[in-house]
Amino acid sequence: MKFLKEFKEFAVKGNMMDMAIGIIIGAAFNKVIDVLVKKVFMPPLSLMTDGLNYQDKKYVLREAITDVNGELTVNEVAIEYGILFETFLDFLIVGLTVFLVVKGMNKLRNKAQDPKNKVVATPKDIELLSQLTELMEEQNALLKKK
């Protein structure tokens, strides 16, 4: 019963919902990036390199062996560095996108937290802290004069 109570508190607080929403958005974002790399970036890159398909690039350590009937007896062993290249490209695009989103969010948050900026409404707690800071600076200036 204690476990169920703890789980209910966890779910009600919103942590689980926030996490679920983040995972769902992340999965959808991953699909978008996958298509962006494979269908948008890789074809022109392949065209610039005379039709080179990076997914097929590999370093074969051991060739596949077939018997006289054409049946595979020993599987090929290879290092597929083309897929690694595409994965690095995925990573760079995701990293750049996340960086740009966080940078934009920080810019908006900084604007909203600036009490002197009258274009964006400043949250009350930030406004009060700003007023307290100004009052403390005035008080310190008065104390230094004495």
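Visitor: With which residues is Glu86 in contact, leaving aside its neighbours within four places in sequence?

Guide: Contact here means heavy atoms within 4.5 Å. The model is a predicted one, and in it Glu86 is found in helix 3, which spans residues 81–113. Leaving aside neighbours within four places in sequence, the residues in contact with Glu86 are Val37, Lys38, Met42, Tyr54 and Gln55.

Visitor: Which side chain of opposite charge is nearest to Glu86, and how far away is it?

Guide: Glu86 is buried and yet has no salt bridge. A salt bridge requires a side-chain nitrogen of Lys or Arg within 4 Å of a carboxyl oxygen of Asp or Glu, and the nearest side chain of opposite charge to Glu86 is that of Lys38, at 4.3 Å.

Visitor: How many salt bridges does a search of the whole structure find?

Guide: Besides the pair of Asp34 and Lys38, the side chains of Lys58 and Glu76 meet in a salt bridge at 2.8 Å, N to O. This pair links distant parts of the chain, 18 residues apart, with Lys58 in the loop between helix 2 and strand 1 and Glu76 in the loop between strand 3 and strand 4. Lys58 counts as partly exposed at 36% relative accessibility, and Glu76 is partly exposed too, with a relative accessible area of 33%. For the whole structure, the search finds two salt bridges.

Visitor: Which helix gives the most to the nonpolar patch on the surface?

Guide: The patch is formed by Met1, Phe3, Leu4, Phe7, Phe10, Met19 and Ile23, which together have about 840 Å² of accessible area. Helix 1 (2–13) and helix 2 (15–48) each supply at least two of its residues. With four residues, the one that gives the most is helix 1.

Visitor: Is Phe3 buried or exposed?

Guide: Phe3 lies in helix 1 and is one of the residues that form the nonpolar patch. The cut-off for the exposed class is over 50% relative accessible area; because Phe3 has 64% relative accessibility, this residue counts as exposed.

Definitions and conventions. Residues numbered from 1 in each chain as written. Predicted model: local features only at pLDDT ≥ 70, side-chain atom pairs only at ≥ 80, totals over all residues. Heavy atoms only, no water. Buried < 20%, exposed > 50% of the residue type's maximum accessible area, 1.4 Å probe, protein only. Lys, Arg positive; Asp, Glu negative; His and termini not counted. Patch = residues over 30% accessible without salt bridge, like charges linked within 9 Å, V, L, I, M, F, W, Y side chains within 5 Å. Areas by Shrake-Rupley, 256 points an atom, 1.4 Å probe, with all protein chains shown as cover.
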